[in-house]
Amino acid sequence: MTQIATSRRYPEVAAELRQIIQRGGFSVGDKMPAERQLAEQLDVSRALLREALIMLEIQGLVEVRQGSGVYITRLPDDGTPKTDDSDIGPFELMQARQVLESSIAEVAALTVTKADIDALQRILQIQEQEARDGITDYSSDEQFHLRVAQATQNSVLAESVNRLWLQRRASPMWEQLHRHITHTTYWQRWLEDHRVILNALKRKDPVAARHAMWQHLENVRETLLALSDVDAPEFDGYLFQSLPINIPPAQ
């Protein structure tokens with residue numbers, strides 16, 4: 001069987017950023033150029049640049065301060081901690097989820113059962129209680145998305161979503177990125193997204209379900225990008241659009 005070679009792009013961008021720091025005359029405490037400027041200089045999307053910056057954060061070279069910018073905390077040298085270059089980039093993972101889970105929601109709207117709806121409503125009630133209590137635990141969020149996939153009655157699709165969540169939970173880059181999420185306001189917005197998805201499934205409306213899931217994951221993506229520099233996240237059109245590509249609805 002032929003194996004498809006895969007490589008992560010963000011380690012290459014991280015290496016270029018280290019060179020910029022080394023050759024740019026920066027000192028500890030200096031602010032790096034804005035993400036928009038760096039993305040244009042390196043000719044990469046902001047999402048890819050953000051993944052590279054997360055890698056530098058894990059290595060202790062920079063600190064991302066929301067609403068302020070990216071600051072150098074240590075200059076690169078031979079003692080820079082090694083990181084796992086095979087770790088999946090969080091925005092690459094988000095793109096995969098957006099493409100896959102929006103189509104899954106479309107199929108689920110046609111195959112969902114009363115038991116599925118009841119289970120999703122129970123999960124939503126747990127999330128609502130967690131939101132009231134200020135709990136920002138991802139387990140109920142994961143359960144919601146997995147249950148939508150299970151509603152397709154297709155074990156391959158359900159397992160595909162499960163694998164994406166396993167990759168997310170095992171990713172140091174995801175952990176680093178989510179350290180910036182400190183406000184429950186984001187969770188309230190995502191909870192409302194889940195209500196919209198559930199309502200579309202209740203109506204057995206495949207187009208609405210697909211669009212609701214796509215927009216939900218777009219909202220998550222926008223939030224995660226907004227937690228970096230002050231640049232407007234909408235300038236990055238490389239990976240995402242606010243509405244899904246026009247895939248014909250399932251028959």
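Colleague: Which residues are buried in α6?

Modeller: This is a predicted model. In α6, the buried residues are Ser-140, Asp-141, Glu-142, Phe-144, His-145, Leu-146, Val-148 and Ala-149.

Colleague: What span should α6 have, and how far apart are its end C-alpha atoms?

Modeller: Helix α6 covers residues 139-150, and at 1.5 Å a residue its 12 residues should span 16 Å. The end C-alpha atoms are 16 Å apart, which agrees with that expectation.

Colleague: Turning to cavities, how many of 30 Å³ or more are there?

Modeller: The count comes to one cavity of 30 Å³ or more. About 230 Å³ of space lies in the largest cavity.

Colleague: Which residues are closest to its centre?

Modeller: The largest cavity is lined by 19 residues, and those closest to its centre are Gln-127, Asp-141, Trp-187, Trp-190 and His-194. Asp-141 is also among the buried residues of α6.

Colleague: Which elements give two or more residues to that lining?

Modeller: They are α5 (114-133), α6, α9 (185-202) and α10 (206-226). The largest share, four residues, comes from α9. By class, the lining of the largest cavity has eight nonpolar, six polar and five charged residues.

Colleague: And the second largest pocket: what is its volume, and which residues line it?

Modeller: The volume of the second largest pocket is about 170 Å³. Its lining consists of Tyr-138, Ser-139, Glu-142, Trp-165, Arg-168, Arg-169, Ser-171, Trp-174, Glu-175 and His-178. Two or more of the lining residues come from each of α6, α7 (155-169) and α8 (172-178). The classes are three nonpolar, three polar and four charged residues.

Colleague: Why do the side chains alternate?

Modeller: In a regular strand, side chains alternate between the two faces of the sheet.

Colleague: How many bridges join β1 to β2, and do the two run parallel or antiparallel?

Modeller: Four bridges join β1 to β2 (residues 69-72), and the strands run antiparallel. Ile-72 in β2 is the bridge partner of Val-62, and Tyr-71 in β2 stands opposite Glu-63.

Colleague: What lies between the strands of that hairpin?

Modeller: Three residues lie between the strands of the hairpin, in which Gly-67 takes a positive phi near 75 degrees.

Conventions. Residues numbered from 1 in each chain as written. Predicted model: local features only at pLDDT ≥ 70, side-chain atom pairs only at ≥ 80, totals over all residues. Heavy atoms only, no water. Pairing = 2+ DSSP bridges. Expected span 1.5 Å × (residues − 1). Buried < 20%, exposed > 50% of the residue type's maximum accessible area, 1.4 Å probe, protein only. 1 Å grid on protein atoms, 1.4 Å probe; cavity = no way out; pocket = protein on both sides within 12 Å on 5 of 7 lines; lining within 4 Å. Points joined across faces, edges and corners; volume = space filled by probe spheres on them. Nonpolar A, V, L, I, M, F, W, Y, C, P; charged D, E, K, R; others polar.
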